Amino acid sequence: MKPNYRRCVSCRKVGLKEEFWRIVRVFPSGNVQLNEGMGRSAYICPQHSCLQAAQKKNKLGRSLRASVPETLYQTLWHHLTLNNPQKQI
């Protein structure tokens, strides 16, 4: 894979890292958060289908090797509705 390209953990689409949300398991605390800090990262498309599949099948948790808090999923759903106000979930 070329530099600055990432793969969605849900749909496996490859694209520039700016096209995805970055979820990070911060080192050394192990906290999982959105786009802050250094540590193990997972990327997900900002789309309803990708977020729904990732939450249902725990794809982010398996990729990060950590449990993803429900509040993070709520934040991602909120960001999704802000970016796509015409599409109600």
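This is a predicted model: local features need pLDDT of at least 70, side-chain atom pairs count only at pLDDT 80 or more; totals for chains, interfaces and linings use all residues.
Figure 1. Isoleucine 23 has leucine 34 as its bridge partner in β4. In β5, the partner of isoleucine 23 is alanine 42. Isoleucine 23 is also listed among the residues with the most contacts inside the largest nonpolar core. Its neighbour in the numbering, valine 24, bridges to glutamine 33 of β4.

**Figure 2. An open sheet of three strands, in the order β4-β3-β5.** The pairing is antiparallel. β4 (32-34) and β5 form the edges, and each of them pairs on one side only. Neighbouring strands are turned against each other by 25° on average, direction ignored. How many bridges join β3 to β4? There are three, and the two strands run antiparallel. β3 and β5 are joined by six bridges, again with the strands antiparallel. Is β3 mostly covered or mostly uncovered? β3 is mostly covered, with five of its six residues buried.

**Figure 3. The hairpin of β3 and β4, with five residues between the strands.** Glycine 30 takes a positive phi near 85° in this hairpin. The loop between β3 and β4 also holds proline 28. Phenylalanine 27 and proline 28 are joined by a cis peptide bond. Omega for that bond is about 0°.

**Figure 4. The largest nonpolar core, with 21 residues.** Residues with the most contacts inside this core are Ile23, Ile44, Leu51, Leu60, Val68 and Leu76. Strands β3 (21-26) and β5 (39-44) each give two or more residues to the core. So do the helices α1 (48-57), α2 (59-64) and α3 (70-83). Which element gives the most? It is α3, with five residues. In soluble globular proteins, nonpolar side chains tend to be buried together.

**Figure 5. Valine 68 and the residues it touches.** Valine 68 is one of the residues with the most contacts inside the largest nonpolar core. Which residues does valine 68 touch, leaving aside those up to four places away in sequence? They are Val32, Leu60, Gly61 and Tyr73. Of these, Leu60 is itself listed among the residues with the most contacts in the core.

**Figure 6. Glutamine 52 in helix α1.** Is glutamine 52 buried or partly exposed? Glutamine 52 counts as partly exposed because its relative accessibility is 43%, and that class lies between the 20% and 50% limits. Serine 10 is 42 residues away from glutamine 52 in sequence. In space, the two are 9.0 Å apart, C-alpha to C-alpha.

**Figure 7. Asparagine 4, a residue with positive phi that is not a glycine.** Where does asparagine 4 lie? Its place is in the segment before β1 (5-7). The phi of asparagine 4 is about 65°. Asparagine 4 has a relative accessibility of 40%, so it counts as partly exposed.

**Figure 8. Asparagine 35, in the loop between β4 and β5.** Asparagine 35 is not a glycine, yet its phi is positive. The value is about 55°.

Conventions. Residues are numbered from 1 along each chain as its sequence is written. Side-chain values use heavy atoms; hydrogens and water are left out. A nonpolar core is a set of buried Ala, Val, Leu, Ile, Met, Phe, Trp, Tyr and Cys residues joined through side-chain atoms within 4.5 Å. Buried means under 20% relative accessible area, exposed over 50%, partly exposed in between (1.4 Å probe, protein chains only). Helices (H or I, at least four residues) and strands (E, at least two) are DSSP runs, numbered from the N terminus. Contact means heavy atoms within 4.5 Å. Two strands pair if DSSP finds at least two bridges between them. Axes are lines fitted to C-alpha atoms, for helices over the stretch in contact, and angles run from 0 to 180 degrees between N-to-C directions.
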